[in-house]
Amino acid sequence: MDGQIQRQKGDNPLVRVLSSTGEIFTTSNRIDREKLCPGPSFEDSECSFEIEVVILPNDYFRLIKIKIIVKDTNDNAPMFPSPVINISIPENTLINSRFAIPSATDPDTGPNSVHKYELINGQSAFGLDIVETPEGEKWPQLIVQQNLDREQKDTYVMKIKVEDGGSPQKSSTAILQVTVTDVNDNRPVFKESQVEVHIPENSAIGTSVVQLQATDADIGANAEIRYVFGTQVSPATKRLFALNTTSGLITVQRPLDREETAIHKLSVLASDGSSSPARATITINVTDVNDNPPNIDLRYIISPINGTVFLSEKDPINTKIALITVSDKDTDINGKVICFIEKDVPFHLKAVYDNQYLLETSALLDYEGTKEYNFKIVASDSGKPSLNQTALVRVRLEDENDNPPIFTQPVIELAVMENNKRDLFLTTLSATDEDSGKNAEIVYQLGPNASFFDLDRKTGVLTASRVFDREDQDRFLFTVTARDNGTPPLQTQAAVIVTVLDENDNNPKFTHNHFQFFVSENLPKYSTVGVITVTDSDAGENAAVSLSILNDNENFILDPYSGVIKSNVSFDREQQSSYTFDVRAVDSGRPPCSSAAKVTINVIDVNDNTPIVIYPPSNTSFKLVPLSSIPGSVVAEVFAVDGDTGMNAELKYTIVSGNNKGLFRIDPVTGNITLEEKPAVTDIGLHRLVVNISDLGYPKSLHTLVLVFLYVNDTVGNSTLIYDLIRRTMETPIDRNIGESSETYQSGDYLTIMIAFVTGALVVIIVIFVTVLLRCRHASRFKAAQRKKQGAEWMSPNTENKQNKKKKRKKRKSPKSSLLNFVTIEGNKPDDPAHEPINGTISLPTELEEQGIGRFDWNATPTTTFKPSSPDLARHYKSASPQSAFHLKADTPVSVKKHHVIQELPLDNTFVGGCDTLSKRSSTSSDHFSASECSSQGGFKTKGPMHTRQQVKEHFYWSISTAYNCPVPQC
């Protein structure tokens with residue numbers, strides 16, 4: 001940082017500042033307070049001068065105004081107006097009378113001014129007293145201490161000494177000569193001893209200032225009053241004002257200047273010739289007149305050269321140029337100055353102190369816009385009329401390399417045919433620079449990715465250095481740099497885009513020689529199955545390709561432009577798993593080019609086939625499980641197939657009912673049923689297992705239910721009885737255990753046989769008669785029970801338990817009355833009540849959904865899957881209703897004895913289900929059988945009447961179907 005002292009032109013420097021440290025020192029010029037502040041000094045007056053210090057450079061710029069107060073030193077001794085002071089004292093002066101002695105003056109102030117007076121050699125006739133005025137002046141007075149006698153002594157010669165209060169103390173003496181005169185005992189008296197007047201500074205010479213008036217009580221010569229200025233009136237004041245000694249009129253005798261002295265204090269004595277004149281003090285205030293124009297003190301911060309300031313165009317905003325101080329010697333409104341710049345230039349004045357401004361740049365400078373500025377700074381006061389002052393400022397800009405070269409076009413686009421000649425002229429690049437001299441000299445240079453081109457550095461001529469191939473590169477994008485020779489150099493880039501025009505020299509090309517698409521079967525007709533993608537390296541019309549199918553028998557539709565292939569058939573993977581055809585692509589060139597590709601449409605399997613039971617083939621068959629069978633031995637097999645593929649054809653076997661004792665186990669993969677533990681005597685009897693066969697299809701699984709009968713005993717004593725038991729178990733819901741009723745069935749059958757053999761035909765007739773009566777009574781009871789059961793049997797577990805207990809008791813009494821109206825079995829005699837067609841509907845428990853087969857799509861109804869080589873399949877099951885599935889059909893004949901018979905049974909034994917409602921496993925089971933699918937309209941139907949038990953054994957099967965979800969409690 002650098003500090004500089006600014007001062008007015010012509011001033012002798014009294015102090016200096018050290019630019020490196022900022023310390024202020026005095027110079028060789030002596031600082032004289034009395035010279036700096038001439039005129040009368042009072043004790044409270046202050047003498048000072050101001051300096052301004054500027055701190056540079058611009059980044060740290062500050063303007064500091066320093067006021068230096070000059071303290072008085074005792075360098076002047078007090079002096080009397082004359083070395084000899086004459087005083088006349090009348091002889092009749094009374095003792096203690098006082099006579100004024102001319103006061104001594106001391107240019108110093110404060111304690112350094114007049115401090116005390118001392119009378120030397122007073123001869124005991126006189127003493128000295130000091131009177132201090134309100135203004136702080138000390139007036140010495142001579143006191144008469146004894147009676148005077150002019151005849152004895154008319155003259156007294158003494159010395160009076162005056163001392164100041166400085167240190168060291170200074171003093172001076174004067175001879176005081178007292179002359180004793182004759183008596184004149186009345187002194188003049190001023191009408192006003194304190195007078196203050198105001199007079200404009202432009203008052204003409206001779207203008208009256210004030211008229212003083214004093215009177216004297218004496219007469220004659222002692223009453224003649226003479227007016228004179230006091231000894232303290234300065235010579236300068238006496239030159240400005242004239243006092244008429246006779247009249248006491250004060251007038252202006254020279255032009256006044258308020259700016260030099262604004263207040264004049266005059267001391268006027270009125271004397272009648274006696275030794276005690278009267279004193280009056282007149283204060284003349286010179287009022288201001290706008291007679292001084294403002295002054296402009298222009299001090300440059302940036303040193304000018306021959307009166308011109310040089311600035312760089314890169315100088316920032318608010319660059320300090322000069323410190324301007326405006327002043328006006330006038331006061332009040334006449335001294336109020338405003339400062340401004342006359343023209344609209346990129347400079348402004350910033351006020352820093354009162355009447356001080358910094359000349360700064362107000363905007364960025366631009367050499368290319370304006371190279372030189374000449375403007376005036378105007379200072380104007382507020383007087384009427386207003387006075388002005390101007391100062392001329394010259395600023396010249398120096399050029400900087402601040403303008404980069406500019407291309408005529410920021411993006412240059414060119415087109416050239418491929419297979420061109422080398423050094424082919426393309427264009428001429430041109431850029432301009434607004435700078436001057438070397439800053440405007442431009443050279444050109446290629447950027448990266450321009451290896452195919454040459455550029456003349458000076459002329460900007462662009463040529464092709466290689467042969468273009470549009471198929472390799474159809475467009476070149478690179479940059480061209482224009483750089484000037486400034487310091488530092490500036491540059492600009494332009495983008496050059498060269499487009500290579502096409503020639504038809506390429507065939508269409510498929511992205512694959514063999515396209516393979518995969519679609520799901522059952523996809524609707526006109527669905528999109530794939531998109532053929534073909535490209536052509538050419539452009540424009542040469543690349544416009546159309547597609548067509550060559551050898552397809554209208555199974556697919558190909559959009560010739562988008563390449564989208566749509567089906568014209570509905571897919572069935574089981575009928576056809578793939579389609580293959582050829583497509584051809586032809587462009588629009590002259591002559592056209594073409595190519596071909598192969599397309600294969602692969603049909604993906606959808607899980608739309610339920611498992612089909614192959615074994616067991618009939619539900620009238622059973623398997624004997626000897627009591628001697630060991631655990632782990634295979635006692636039965638279940639086998640099914642699925643028309644789907646992959647995971648959709650993977651099957652899982654599960655026992656969902658009839659195995660509550662855990663006697664049996666089924667392999668989930670092979671379907672082999674094995675013993676878990678050795679059969680006990682309590683396990684003897686017929687066991688019915690409900691096996692669920694489900695596929696692993698995704699996202700929806702399909703399943704089939706099948707019934708397996710296992711007869712636990714050492715031997716088969718009467719197979720006809722077992723088949724009859726199987727027929728009767730059809731009346732037991734599949735979610736109920738038949739083990740508890742099996743023995744009842746066997747006991748009843750044995751009893752019937754014994755009765756038949758013993759009583760003969762007569763007993764048979766009686767039994768038939770009794771049976772008819774029981775059936776009639778049971779019909780009425782069944783209707784009441786049926787209405788009660790519809791409201792509570794399947795919904796209330798407690799009610800069901802009670803009903804089950806009642807049914808068990810009834811079964812002990814009569815096997816026929818214990819039938820639950822779910823299974824219909826047809827015998828070989830249509831007229832025999834025991835062989836009447838039996839139709840029924842079996843409700844499935846909701847717990848069957850917990851066996852892992854709950855992924856069936858309830859919103860889709862699968863199609864039937866009957867095949868000549870497989871057993872007949874019932875329709876798919878679909879239901880979402882929680883109501884009971886028991887239905888009566890009006891068109892079905894109902895026998896009095898078989899009032900619960902509703903529908904016929906089918907002959908085959910396949911149960912195909914999409915009903916994910918299978919429950920827990922049952923405890924008992926019997927021989928092989930199959931179950932039909934769960935249908936929304938199904939029932940038990942037979943394909944024809946069965947005439948013999950042998951026929952039943954070979955062809956009998958049964959199906960189970962529900963119309964709703966099955967809310968039956970689990971077994």
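Trainee: Let's start with the rings. How many aromatic pairs does the structure hold?

Mentor: This is a predicted model, and it holds 20 aromatic pairs. To read one, look at the distance between the ring centres and the angle between the ring planes. Take F126 and Y156: their centres are 5.0 Å apart with 80° between the planes, an edge-to-face pair.

Trainee: Where do F126 and Y156 sit in the chain?

Mentor: In distant parts of it, 30 residues apart. F126 belongs to strand β9 (residues 126–132), while Y156 belongs to strand β11 (residues 155–164).

Trainee: What kind of pair do F407 and Y444 form?

Mentor: A tilted one, at 6.3 Å centre to centre and 50° between the planes. This pair also links distant parts of the chain, 37 residues apart: F407 is in strand β30 (residues 406–407) and Y444 is in strand β34 (residues 442–446). F407 counts as buried because its relative accessibility is 8%, and Y444 counts as buried because its own is 6%.

Trainee: Which residues do ring pairs link into a cluster?

Mentor: Follow the pairs from ring to ring and you get F452, F453, F468, F476 and F478. One of these, F452, also has a charged neighbour: R466 lies over its face, 4.8 Å from the ring centre.

Trainee: Which residue lies over the face of Y367?

Mentor: That's K371, at 4.9 Å from the ring centre.

Trainee: On to cysteines. How many disulfides does the count come to?

Mentor: Here you look for a pair of cysteine sulfur atoms within 2.5 Å. By that rule, the count is zero. As for where cysteines sit, C339 counts as buried because its relative accessibility is 13%. C593 is buried as well, because its relative accessible area is 18%, and the cut-off is under 20%.

Trainee: Where does L773 lie, and how accessible is it?

Mentor: L773 lies in helix α4 (residues 739–792). Its relative accessibility is 44%, so L773 counts as partly exposed.

Conventions
Residues numbered from 1 in each chain as written. Predicted model: local features only at pLDDT ≥ 70, side-chain atom pairs only at ≥ 80, totals over all residues. Heavy atoms only, no water. Helix = DSSP H or I, 4+ residues; strand = E, 2+ residues; numbered from the N terminus. Buried < 20%, exposed > 50% of the residue type's maximum accessible area, 1.4 Å probe, protein only. Phe/Tyr/Trp six-rings, centres within 6.5 Å; stacked < 30°, edge-to-face > 60°. Lys NZ or Arg CZ within 6 Å of the ring centre and 35° of its normal.
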